[in-house]
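Open the model in your viewer and keep the selection tool at hand. The stops below run from the whole chain to single residues.

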Amino acid sequence: MRILISGASVAGPTLAFWLARYGFDVAVVERAPTLRKTGGHAVDLFKPAMDIVEKMGVLESIMAHETGAAIIAMHREGHPGVVEIPQGGIFASVSQRHVEIMRDELSEILYNASLSTAEYIFDDSITSLSQDGTGVDVTFEKGSDRRFDLVIGADGLHSNVRSLVFGPESTYAHWLGEYLAVASIPNYLGLRDRSLMSLQVNRIAGMYSAAQLPDARAIFLFRPPEPLEYHHRDFDRQKTLLHAVYQNFGWEVPRLLAAVSESEVFYMDSITQLRMDTWSKGRVTLVGDAGYCPGPAVGGSTSLAVVGAYVLAGEIATAAGDHTLAYPAYESALAEYVRGSRRMALTAAKTIVPSSRFGVWAVIQGARAIGHLPESVAHMLSRAGSTTRFSIHDNVHTKDYQGMLRR
Ligand SMILES: Cc1cc2nc3c(=O)[nH]c(=O)nc-3n(C[C@H](O)[C@H](O)[C@H](O)COP(=O)(O)OP(=O)(O)OC[C@H]3O[C@@H](n4cnc5c(N)ncnc54)[C@H](O)[C@@H]3O)c2cc1C
């Protein structure tokens, strides 16, 4: 059976790896001309995803690329000095296993793991999908037409496959009220294992770097009184809006904004949650952010993408490629994790960007208290899992599909 995956970031290569191991012929089409090597932003893998990358044999490589972030130095408006918080304690209270890694480094490791068993096509994109009883005819922007048994969209929050098969994004997208902006900037403070963050009412600004990064990231999370008007490819307009939102912020922000103005690697987007009743239509399904993004940076979506890809591949193998069995089994196996991630994202979006001065104080004090917990106590919190909205990951149990392995 031939399976086409759209998107080669996190979910795509993970899915390609497992499908090939189960004996399927896999092709991955990626719109970018090459695998991106700018680092992207820092992402997190929690326990269920860590277990899966371990089974893939890439855990060691991932650990060798961890960002090494140890301390968050938090600053509060009107208060001199910073509160230093051990980051390990915070993550230990969320999950018993965790690693933070730059997204592009994770993507490259997953890509390399699947490269020898999957066909990768860069610099192309699907333009149409036409299904019948025995397969899917696919046309591409550049390559020749091809026919596949199944097609899977792993092409992110603004998925092309989803638009082609399920219609406009606006039907499923729910804005959580915040925006997120990240830019690559010079590491002019020489940051290594310390991240900086300053909190004000409805606005956060920060700066971090990572062990292997030659540069740093400026990061902004904010809640404007009303939605912002801009085109998603109009970076100049986005930078202008960002400057306007952060005027008079003080702290390190004037220097960060000056660096952002010069930056060629810039991203700004609304924090949006996708809510679809089903991710599958006929022979096409979605995986990772394309199908169930709980909200970038607030819902543990990278872990969810890895787990989703693993479960989808396992269910396709279990059903011997019969999508009428595999897709419903995949959706049902993941449903609770997706619901939990959505709940967590709603809470995180509200908590992380406080809407009052008391909220700002409470976030810093709460982070300080959790960050300084002994690791054993923090792990107890994560084991309590379902009692805290932030520690949902460790309660996720996936089936063991090892019996389906062919290669
Ligand atoms: C600024 C920012 C900060 C974040 N911080 C965190 C964090 O702290 N922790 C965390 O866990 N997660 C975080 N995330 C979310 C995380 O990056 C995603 O959840 C994760 O990358 C999802 O992986 P994915 O493979 O599903 O989709 P993506 O990583 O979005 O990848 C989609 C892929 O599809 C490709 N593509 C797009 N369109 C097409 C097309 N037409 N044809 C072919 N290919 C296409 C893209 O080029 C890309 O390679 C953050 C996201 C952002 C944007």
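Here, buried means under 20% relative accessible area, exposed means over 50%, and partly exposed lies in between (1.4 Å probe, protein chains only). Helices (H or I, at least four residues) and strands (E, at least two) are DSSP runs, numbered from the N terminus. This is a predicted model, in which local features need pLDDT of at least 70 and side-chain atom pairs count only at pLDDT 80 or more, while totals for chains, interfaces and linings use all residues. Residues are numbered from 1 along each chain as its sequence is written, and side-chain values use heavy atoms, with hydrogens and water left out.

**Whole chain**

Start with everything selected. There are 13 helices and 18 strands in the protein. The C-alpha trace spans about 65 × 45 × 35 Å along its principal axes. The radius of gyration is taken over C-alpha atoms, and the globule rule is 2.2 Å times the number of residues to the power 0.38. For 407 residues a compact globule would come out near 22 Å, so the 21 Å of this protein agrees. Of those 407 residues, 55% count as buried.

Now show contacts (heavy atoms within 4.5 Å). Among contacts between residues at least 6 apart in sequence, 73% join residues at least 24 apart.

**Helix 1**

Next, select residues 11–21, which form helix 1. Is this helix largely enclosed or open? Ten of its eleven residues are buried, so helix 1 is largely enclosed by the rest of the structure. Among the buried ones are Pro13, Phe17, Trp18 and Leu19. Step past the end of the helix to Gly23, where phi is positive, near 100°.

**The cores**

A nonpolar core is a set of buried Ala, Val, Leu, Ile, Met, Phe, Trp, Tyr and Cys residues joined through side-chain atoms within 4.5 Å. In soluble globular proteins, nonpolar side chains tend to be buried together.

Which residues have the most contacts inside the largest core? They are Leu19, Val287 and Ile316, in a core of 84 residues. Helix 10 (residues 301–318) gives the most to this core, with eleven residues. Select Leu19 and leave aside its neighbours within four places in sequence: Leu19 is in contact with Ile3, Ile5, Phe24, Val26, Ile152, Ala313 and Ile316. Then move to a second, separate core, which has 25 residues, including Leu196, Met207, Ala216 and Phe266.

**Glu229**

Select Glu229, in the loop between strand 15 (216–222) and helix 7 (235–245). Its relative accessible area is 62%, which means that Glu229 is exposed. Neighbours within four places aside, Glu229 is in contact with Arg237 and Leu241. Leu241 is twelve residues away along the chain, and its C-alpha atom is separated from that of Glu229 by 9.0 Å.

Most residues other than glycine have a negative phi. The last two stops have a positive one.

- Asn202 has phi near 65°. Find Asn202 in the loop between strand 13 (194–200) and strand 14 (203–208); at 22% relative accessibility, Asn202 counts as partly exposed.
- Trp251 has phi near 50°. Find Trp251 in the loop between helix 7 and helix 8 (253–262); at 29% relative accessibility, Trp251 counts as partly exposed.
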